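Biologist: Please take a close look at one part of this model for me: the place where the two chains meet. Then set that part against the chain that carries it.

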Amino acid sequence: MTHFFKIALPLFFVVFACIGGGVILLRPLKLKNLLGQSAPFSVLFFLGQGLLGSGLILLALAGLFNLTYVASIVFVFGCLGLCHVFLNRESLYSSWQSIGADWLRDNLLWKIVAIAVFLILAAGISGVAGRIDGDARAFYLALPKVIASSHRLVPLPAYETFTSVGLLAEIQLAVLFLLGMPGASARLFCWITGMAAATVLGHIAAYAGLGRRGQILSLAMFGTSSAVALFWGQGKTDLFAAGYGLCAVLFALSSWTSTARRYAIFVAGMLTAFALVAKLSYLVAFLPCMAILLLWGELPKIIISFRDSEARTELLKICVVDALIFFAAVSIVFLPHLTKNLVLFGSLGETYGSHQYFSADTTKRIVLTYPLLLIFGNFWAQYGNLSPLLLAFFPLFFLSGKIRNAFATTWMALLIAALSGLISWVVIFPAVPMPRYFLATLLLFFIPVAWAGERFSQSRKLLGCAVPLASLSVIFIFFKAFSIEIFPLKNAYDYFVKTQTEQAINVDERLSYEAYTALNNAAEPGARVYLISYFRFWMRPDLIQVTNGIHDGDIGWDEKNPDKFWLQLYESDFTYLFVDRSHPAFEEMKKKPSWVSLEQLHPQSNYGGVYRIIYTNPPGIRKWTTREVAPGAWDVVPTK
Amino acid sequence: MKRSIVGESLICAWIVLVCYVFSVYKDVAPATGLVGRSLKVFFTYLSAAYLQ
């Protein structure tokens, strides 16, 4: 069981360290004032993630991301988190008791739905033995692995400019790698983050006045959205931003009634900023959403201000002060991120990629098929859909009859905020139909629709059964459809209990792992590998640090002069070649000069081929080499 | 809320339809017959951006 504890213990301490961080950031007494109940641990967890992540980025930037410092911080914060949970265990018991009592009171069908929702969320843990997403193999898991091994934060070769993105999630994964989590198991933290986000969504539903059935429906939609579930175990970090965003929404709602209103706005600002750092695209759809939710509390004053100039001045004053508080919090949170970019790139941010993915005709089609494409679309890089339950129950919303004082309800505020966010996204990025870029905004649609579903579920006629039966059907279809991709239960059992090695993970991932392992076993420390592949996660971290990057940009295959390519490789000290057939000139490359020979270390397959490059009397001189500049940290340096 | 049995039946039919469409979309139910094949054409339309 050593393997199991190697996975469980770091996770346990980091989770409690995050809760401890949240406790530091918010005095519990204040939080009670803010949320009208004892502090939800999931909210503390996200706040602590933001605090720890921001602090640890600065530590990594200073080259001090070593076991002594990081383990000490995690231990101290973890103890604080444990103490807090222990001292507040009564609130945990009482909320579980209340959930249990409600479950016992409800009818059999709803009891089964509640269990099914719990199981689908819990089964997400098995994603840790599934395939790792391509982007995660390329960057999102590779960078944390390198940070943990090199104890510093520097741009990842070939992703130099992309390293300018916010790294809140990645630095936490780096902590888990540093604490010794094996293989790619650190991605389990993404599932934990997803579960915490689900809890926050449940809190928002409760805050919006939904009953237990409404909360269950919200979670059923959360658990059957592939745009959410795909991120539980594939190593991409998009759920972190969604979690911070949902917490920000919770504080924005609490600001309407809280006695410490401005304090709630400040915390909402901090959480919005954490979401923006983790996913800058939230600027487009989530920021307008937050503005509406924060202003909604002033709705009565806004209505009065239409006919009263004095009230208008008063309202303007309140809005200006609130905006200043909000943006002060945003600025504070952005400081570590901007510092990172200033140190690494000499600028506050780098530009990378383009958001014009499709032609004008396709873009027109994308816009015309909103919102259906969010549920049944499958565009390039879309990466998942929202739950079909959203579509199934949406008409119920309009058939709920005349809703008295709808604008005074929280779910209406959430609906309007989410709609504004969606419209804002479609207007600004019509060619980017990707839910992950504004996931927190889209998740808010679940609340009003779950409210309508709950309302109809109380009918004694047909609909009383249709709502839970549809939920059960969709959960079953979802589980069956994603049994390999998201829920590889057998692989997970083997990974955690039976074989306890990387041999237990998804077969595609294992074959990829084996190709890189052949390279890892052969290469000397700090050897340069010319990587003709998008993926690098399974490579040894010392090798990843010195692979071909921005400085090797002039190395390229020249059909007219094939010798030049091999000479450039020699001059730059590349002694290994990893090829995954992604290079258009792969076949051509086999034509090589007489002074180059290739020794095959792993047979060429779809998962990659590994070659040692042997130079015999090369015609040039070696201009570059590698050096270990600090324990575990390797640089490419000119030869003397 | 006053709802007729016809109204409720229509809503139920809509919910069943969405569940069926989802099962075809995820290849859990076979896309046979005119409805199944039409749905597949519809899904292709919703992913035609593969053509850029």
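**The interface, seen from chain A**

Modeller: In this predicted model, 38 residues of chain A are in contact with 25 residues of chain B. Arg365(A), Phe376(A) and Ile477(A) stand out on the chain A side. Together they supply 22% of the area that chain A buries against chain B, more than any other three residues. The size of an interface is often given as the accessible area lost when the parts come together. Here the area buried between chain A and chain B is about 3000 Å². Carbon and sulfur atoms give 74% of that buried area.

Now the surface of chain A. It exposes about 25400 Å².

Chain A is built with 28 helices and six strands. Of its 640 residues, 58% count as buried, meaning under 20% relative accessible area. Take the contacts in chain A with a separation of 6 or more: residues 24 or more positions apart account for 75% of them.

Overall dimensions come next. The C-alpha atoms of chain A fill a box of roughly 85 × 55 × 55 Å along the principal axes. The radius of gyration of chain A is 26 Å, which agrees with a compact globule, because a globule with 640 residues would have a value near 26 Å.

Last, charge. Chain A has 49 positive and 37 negative charges.

Note on methods: Residues numbered from 1 in each chain as written. Chains lettered and ligands numbered in written order. Predicted model: local features only at pLDDT ≥ 70, side-chain atom pairs only at ≥ 80, totals over all residues. Heavy atoms only, no water. Helix = DSSP H or I, 4+ residues; strand = E, 2+ residues; numbered from the N terminus. Rg over C-alpha atoms; globule rule 2.2 N^0.38 Å. Buried < 20%, exposed > 50% of the residue type's maximum accessible area, 1.4 Å probe, protein only. Contact = heavy atoms within 4.5 Å. Areas by Shrake-Rupley, 256 points an atom, 1.4 Å probe, with all protein chains shown as cover. Lys, Arg positive; Asp, Glu negative; His and termini not counted. Charge placed at Lys NZ, Arg CZ, Asp CG, Glu CD. Buried area = accessible area lost by both parts, 1.4 Å probe.
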